[in-house]
Amino acid sequence: MHPAGSAAGTPRQPSKRRIPVSHLGMADPHQLFDDTSSAQSQGYGAQRGPSGLGYPTASASPQAAFLADPVSNMAMAYGSSLAAQGKELVDKNVSGLGWWEWGESWGHEARASGRALPPQIDRFIPVTKLKYYFAVDTLYVGKKLGLLFFPYLHQDWEVQYQQDTPVAPRFDVNAPDLYIPAMAFITYVLVAGLALGTQDRFSPDLLGLQASSALAWLTLEVLAILLSLYLVTVNTDLTTIDLVAFLGYKYVGMIGGILMGLLFGKIGYYLVLGWCCMSIFVFMIRTLRLKILAEAAAEGVPVRGARNQLRMYLTMAVAAAQPLLMYWLTFHLVR
Amino acid sequence: MFVWGESEGELGINFDHIWQKTLTVLNPLKPADGSIMNETDLAGPILFCVALGATLLLAGKVQFGYIYGMSGIGCLGIYALLNLMSSSGVSYGCVASVLGYCLLPMVILSGSAVFFSLQGMIGTVLALVIIVWCSLSASKIFISALDMEGQQLLVAYPCALLYGLFALLTVF
């Protein structure tokens, strides 16, 4: 029973947090079996038995026994790293002295909620990153919806930064968020169900079908754009979640179109959809230009390099795809 | 009174709290106390769900499967959303409890469906009012329990979608 052997024998211990086994109180080398008579050696320690993994026995303190348990080991390591991430996020996302306390408490709670999550979820769903996109308030949502329907008068499309990371959507109307796209998607599915219902073509499984097909189209779009960004070898700070957020904004216009179509027939549908298509086209161009094009072009100076032209075409293509998809996904709902 | 209090304690059901929470739901304009959601109790919500099913049955619609399915998925969605939006996390039981309590006005709607059909203009208006009532109460309780500022309408909207589905079940 020596430290190297014990460390090698615990495959589940994360590499960044190796608690030196020597601190935990080595088992008595003369003892062939772990002493399970005391209440302190519990969980995995008791089950290892004589395999000599160096877990503390009767001599260890309760805290050391707790830490030796690999599950709580991992949980503590996970919790600490999440706390560090949460604190970073807090440090970077707060602008102005007045909001510091809000940010502090938010960071503490992020740490607490991070500990409450089972460790496996964070591998699949980056919860801390997602929380940034849901840090919205009613005022932001109102302004953003106004921007989506009428982006023509808005001057400054640049996202404010604070120490190299963007400010939370609460504080800057240009920042992308995931609340509006998520709600818009769900509302679109429900409104589609309503539209089918008024045409007597409704059945509950049709709702599921609508939802899956819309989700499939969204996934396809995201993958296509990611592929083209990769092929054009553009270095942008456009993350995948940002892209999903931007592509989700068109559902707002689609909902408007369908509702108008339900109330006023085909004329209303075409009018509202046409307006929303124009708006989303302008919105996407102005937003993506800042993200995809190089810094020079973003400042308004047209640059003639071949690379920048390619990026411009890509931006135009993405923006033009939005109205097309808006029409494709809604025309069969309005008769 | 002595015996009643004893059995109440033994069953673990706090009738006084249930009554308090019911009153909070019935008056959506009065600000809620943040501490009432400290214990998650599902006794009230289950009672209201059964009452909703019973009144729907009286009106001739046997749709228990849809009720359970929709409420399960809806609760899950709102649980995910609230965890992402609030700074402190929330447990699934708490979400289910609040949503269940705020189902009470929907029971009133389906109760009235027994007496007159809701498919006209009056029915639509009544259904809209009830949906707004339910979602305002639910968002009010969530906001005060989770200490979220400036987000009441944002929380009310998904709740309104969920209660809208219930209303659809009741009306059609």
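Mentor: Helices (H or I, at least four residues) and strands (E, at least two) are DSSP runs, numbered from the N terminus. The model is predicted: local features need pLDDT of at least 70, side-chain atom pairs count only at pLDDT 80 or more, and totals for chains, interfaces and linings use all residues. Residues are numbered from 1 along each chain as its sequence is written, chains are lettered from A and ligands numbered from 1 in the order in which they are written, and side-chain values use heavy atoms, with hydrogens and water left out.

Trainee: Which residues of chain A does the UniProt annotation "transmembrane region" cover?

Mentor: The record, an unreviewed entry, gives residues 178-197, 209-231, 243-263, 269-289 and 310-329 of chain A. UniProt positions are in the numbering used here, feature names are shortened, and annotations may be inferred rather than shown by experiment. One of these spans, residues 209-231, is 100% helix and 0% strand, with its end C-alpha atoms 33 Å apart. Chain A has 14 helices and two strands in total.

Trainee: How is burial to be read, and what percentage of the 335 residues of chain A count as buried?

Mentor: A residue is buried under 20% relative accessible area, exposed over 50%, and partly exposed in between (1.4 Å probe, protein chains only). By that rule 43% of the 335 residues of chain A are buried.

Trainee: Which residues of helix H5 of chain B are buried?

Mentor: They are B:Cys94, B:Val95, B:Ala96, B:Ser97, B:Val98, B:Leu99, B:Gly100 and B:Tyr101. Because eight of its 10 residues are buried, H5 (residues 92-101) is largely enclosed by the rest of the structure. The buried residues of H5 pack against helices H2 (15-26), H3 (43-58), H4, H6 (104-115), H7 (121-146) and H8 (152-171) of chain B.

Trainee: Where does B:Leu82 lie, and which residues is B:Leu82 in contact with?

Mentor: Contact means heavy atoms within 4.5 Å. B:Leu82 belongs to helix H4 (residues 64-85) of chain B and is buried, at a relative accessible area of 1%. Neighbours within four places in sequence aside, B:Leu82 touches B:Val90, B:Val95, B:Phe142, B:Leu146, B:Met148 and B:Val155.

Trainee: How many disulfides does the structure hold?

Mentor: A disulfide is a covalent bond between the sulfur atoms of two cysteines. The criterion here is a pair of cysteine sulfur atoms within 2.5 Å, and the structure holds zero disulfides over all chains. A:Cys277 is in none, and its nearest cysteine sulfur, that of A:Cys276, is 7.2 Å away. The sulfur of B:Cys102 lies 7.0 Å from the closest cysteine sulfur, in B:Cys134, which is too far for a bond. B:Cys102 is buried, with a relative accessible area of 0%.

Trainee: Which parts of chain A does the pair A:Lys250 and A:Glu221 tie together?

Mentor: The closest N and O atoms of A:Lys250 and A:Glu221 are 2.8 Å apart. A:Lys250 lies in helix H12 (residues 250-292) and A:Glu221 in helix H10 (residues 204-231) of chain A, so the pair ties together parts 29 residues apart in sequence. A:Lys250 is buried at 1% relative accessible area, and A:Glu221 is buried at 9%.

A second pair is A:Lys291 and A:Asp242 (3.5 Å, N to O). This pair links helix H12 to helix H11 (residues 240-248) of chain A, its residues being 49 apart.

Trainee: What is the count of salt bridges between chain B and chain A?

Mentor: The count is one: B:Glu149 with A:Arg170, at 3.7 Å between the closest N and O atoms. B:Glu149 lies in the loop between H7 and H8 of chain B and A:Arg170 in the loop between strand E2 (165-166) and helix H9 (179-198) of chain A, so the pair joins two chains. B:Glu149 is partly exposed at 39% relative accessible area, whereas A:Arg170 is buried at 14%.

Trainee: What area do chain B and chain A bury between them?

Mentor: Buried area is the accessible area (1.4 Å probe) that two parts lose on being put together, summed over both. Here the two chains bury about 1700 Å², 66% of it on carbon and sulfur atoms. B:Leu84, B:Ser87 and B:Leu154 supply 35% of the area that chain B buries against chain A, more than any other three residues. The contact takes 19 residues from chain B and 20 residues from chain A.

Key. Salt bridge = Lys/Arg side-chain N within 4 Å of Asp/Glu carboxyl O.
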